[in-house]
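Student: Let's go through this model together. Start me off with the bonding, then move on to packing.

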Amino acid sequence: MAESNCTQATEFSLTGFPENLVTQVTLFLMFLLTYLATILGNLGMIVLIRASPQLHSPMYYFLGNLAFVDLCSSTVITPKMLVDFVSEKKGIAYAGCVAQVFIFDLFAITECFLLAMMAYDRYMAICHPLVYPLVMSPKCCFQLVTGSYLMGLTNGTGQTISMSNLSFCGSSVIDLFFCDISPLISLSTSDTTLSHIFLRNSALLFGVSSSLAILVSYTAIIFAILSIRSADGKRKAFSTCASHLTTVSIFYGTSLFMYLKPSSDSSKEDKWAALLYTVVTPMLNPLIYSLRNKDVKEALRRLIKIK
């Protein structure tokens, strides 16, 4: 509950990076290149999937949505961060902060469930290939993707409501490069018990449930691959999962570290973990899938007419 004599903060200061000019210029150029690579990579992946008939399959339908989510989640964070590097006043209005919390949390959880749906797709393709076309029909894929966005919308709405119930009467300095719900809860001067409970429970409900779905899917996949007699068959089966496993490891490792660790352990590691899953991972995903996927490389060759 808000304090009676509280002057609510109308703006927050973002102090996630050092004030040293040389460091700021270096980071600005580094993150500008990273963001440009993110835009080109994810937009290129979306266009390639839509323009290539051989990529019109459930696996690439999910991948196209993953590229869209990565593009949106990066755009919510990185442009504002780049502006702050060249601005004297590194601040964000309260309304802008609320918008960042809502949109970023929406796409973060959507990505969690999209990765889980992609694991389920690989499970059906490897463990039940005969019924795969029937189960992973266009209608089913659309429903799975829609459900992922609805889970993200539920989380984003819940986190926004949680933030709107907090009072910020003291410090308005956020020791991070964007508005995240966790440091905002720590910054609040009101009772944050319920907010902490909601944050942990939402992380457990959405993050752990989707990661559990991935774990169960890949446990079944591993047993199915081990039952394949030929070494070449095992290699081909595993190669279809390698890119997804790489993406899952990076995304879930950093995000679960951020939201499930004890709040008293806040340190520089938070910033690096946040940088990895908000700025770097959206750039890496299209690279991982394009460099390791023969279908994507072949589709790209055909699209640009390189024999």
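**Disulfide and helix packing**

Student: Which residue does a disulfide join to Cys-97?

Tutor: The model is predicted, so local features need pLDDT of at least 70 and side-chain atom pairs 80 or more, while totals for chains, interfaces and linings use all residues. Numbering runs from 1 along each chain as its sequence is written, and side-chain values use heavy atoms, without hydrogens or water. The S to S distance is 2.0 Å (a disulfide needs sulfurs within 2.5 Å), and the partner of Cys-97 is Cys-179.

Student: How many residues apart are Cys-97 and Cys-179?

Tutor: Cys-97 sits in helix H3 and Cys-179 in the loop between strand S3 (173-174) and helix H6 (181-187). Helices (H or I, at least four residues) and strands (E, at least two) are DSSP runs, numbered from the N terminus. The pair links distant parts of the chain, and the separation is 82 residues.

Student: Is Arg-122 buried or exposed?

Tutor: Arg-122 is in helix H3. Beyond its neighbours within four places in sequence, its contacts (heavy atoms within 4.5 Å) include Met-59, Tyr-218 and Thr-240. Buried means under 20% relative accessible area, exposed over 50%, partly exposed in between (1.4 Å probe, protein chains only). At 9%, Arg-122 is buried.

Student: Which cysteine has the sulfur closest to that of Cys-127?

Tutor: Cys-127 has 22% relative accessibility, so that residue counts as partly exposed. The closest cysteine sulfur is 8.8 Å away, too far for a bond, and belongs to Cys-241.
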